[in-house]
Amino acid sequence: MRRAKVYRYCLPMEAGVVLRNQRLKTRDGLLIELSEGDRQGWGEVAPLPGFSFESLEQAQQALLPWLDEWQRGENIPESRLPSVAFGVSCALAEIAGTLPEAGDQRCAVLCHGDPDEILMQLHQQPGEKLGKIKVGLYEAVRDGLNVSLLLESIPELTLRLDANRSWSCSKAAAFASYLTPEQRARIRFIEEPCNTRQHSLEFAEASGIAIAWDESTREAGFVAQAQPGVVAIVIKPTLIGSIQECQQRVLEAQREGLQVVFSSSIESSLGLTQLARLSAWLSPESIPGLDTLDLMSAQLVRPWAGSHLPLIDAEKLEVIWQR
Ligand SMILES: O=C(O)CCC(=O)C1=CC=C[C@@H](O)[C@@H]1C(=O)O
Ligand SMILES: [Mg+2]
């Protein structure tokens, strides 16, 4: 006997969350609860505005008929919408027991907001000290000095940076000019520094700073490839698709010697805990990029270890559909 239930959530976001020049006031998404016999599974379907091609409404329109058929016992191919395919595959994997329980709760600390607080957070980070900084939103000089200062303040710190393709070649070069060769080596990678892939490759070669592909991985025809200066690919499952699709991408990248970093698309604590499990399972060597829970006002259904945000239980959420 199969059962399916869909909840809708809407969580206020911290005031300053800006994504691709748009302010995200609330994070909206769906949670799915499936059961088959005595097994249960949860999943999260939450397209990210400005990043996902599908809207939440489109995801919902694809999800409900899919679940309806599944509930009636059909075996149906996965949805073409990545957020739907990802959420459904997590719920099914939990039912089948194929998504291991152990999660990697290490994180690259997202460095934004009050500098004193960032320093405190990094000092308190257990184990390896790794931060992630968004660059490219302001002048290159500001980013360059900011990164350089942070590296000077914490000698054992290494950084991931993310420019979201916002630099021209000259801006990228200007940024690098504020960093010494020793500081450049402590940047694990910059995600998508320049507005084209070719310019990013040229920047890596000229600056000696390693790069990673994030946006590129979602472009038609992208194939992970060993290239000079490229060290990693970032996988955001909500934007990529099912667990099986992610597994495929991980294998392709690892075959080319590239590191795979699982990263959040700002999911709730439920989705984040599943991403931590996926990362521990499929890319155990790599610290995932999941430090986004504090951008939200609450956790949903499952807690993230160490978070002090209030936890909202499923009973408190709006049920929009069930069979
Ligand atoms: O990857 C991480 O460490 C955290 C997640 C993160 O940086 C992002 C998540 C979603 C959208 C963007 O703001 C950003 C990214 O571009 O990678
Ligand atoms: Mg990125």
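Predicted model: local features only at pLDDT ≥ 70, side-chain atom pairs only at ≥ 80, totals over all residues.
I then looked up who takes part in their contact: domain 1 gives 27 residues and domain 2 gives 22 residues.

**The domain 1 side of the contact**

Which elements give two or more residues to the side of domain 1 that touches domain 2? I noted the strands β1 (2-12), β4 (26-36), β5 (39-45) and β14 (311-312), together with the helix α2 (82-96). The largest share of this side comes from α2, with seven residues. I also sorted the side by class and found 19 nonpolar, four polar and four charged residues.

**α2 against α9**

I stayed with α2 and checked how it packs on helix α9 (residues 243-255). Their axes are 8 Å apart, and the angle is about 100 degrees. Angles of 65 to 115 degrees count as roughly perpendicular, so that is how α2 stands to α9. From α2, I listed Ala85, Ser89, Cys90 and Ala93, which meet Ile243, Gln244 and Glu245 in α9. By class, this contact of α2 with α9 holds four nonpolar residues, two polar and one charged.

**α5 against α7**

My next pair was helix α5 (residues 169-177) and helix α7 (residues 197-207). How are α5 and α7 oriented to each other? Their axes come within 10 Å and cross at roughly 30 degrees. With angles under 35 degrees counting as roughly parallel, α5 and α7 are therefore roughly parallel to each other. I wrote down the hand as well: the crossing of α5 and α7 is right-handed.

For the residues, I found Cys169, Ala172, Ala173 and Ala176 on the α5 side. They meet His199, Glu202, Phe203, Ala206 and Ser207 of α7. Sorted by class, the contact of α5 with α7 has six nonpolar, two polar and one charged residues.

**Around ligand 1**

Last, I turned to ligand 1 and counted 15 residues around it. Which of them come nearest? My list reads Ala108, Lys132, Ser263, Ser264 and Gly289. I sorted the shell around ligand 1 too, and it divides into five nonpolar, six polar and four charged residues.

Terms used: Residues numbered from 1 in each chain as written. Chains lettered and ligands numbered in written order. Axes fitted to C-alpha atoms, helices over the stretch in contact; angles between N-to-C directions. Helix = DSSP H or I, 4+ residues; strand = E, 2+ residues; numbered from the N terminus. Parallel < 35°, antiparallel > 145°, perpendicular 65-115°, else oblique. Left-handed = near helix turned anticlockwise from the far one by under 90°. Contact = placed C-beta atoms within 7 Å. Nonpolar A, V, L, I, M, F, W, Y, C, P; charged D, E, K, R; others polar. Near = placed C-beta within 6 Å.
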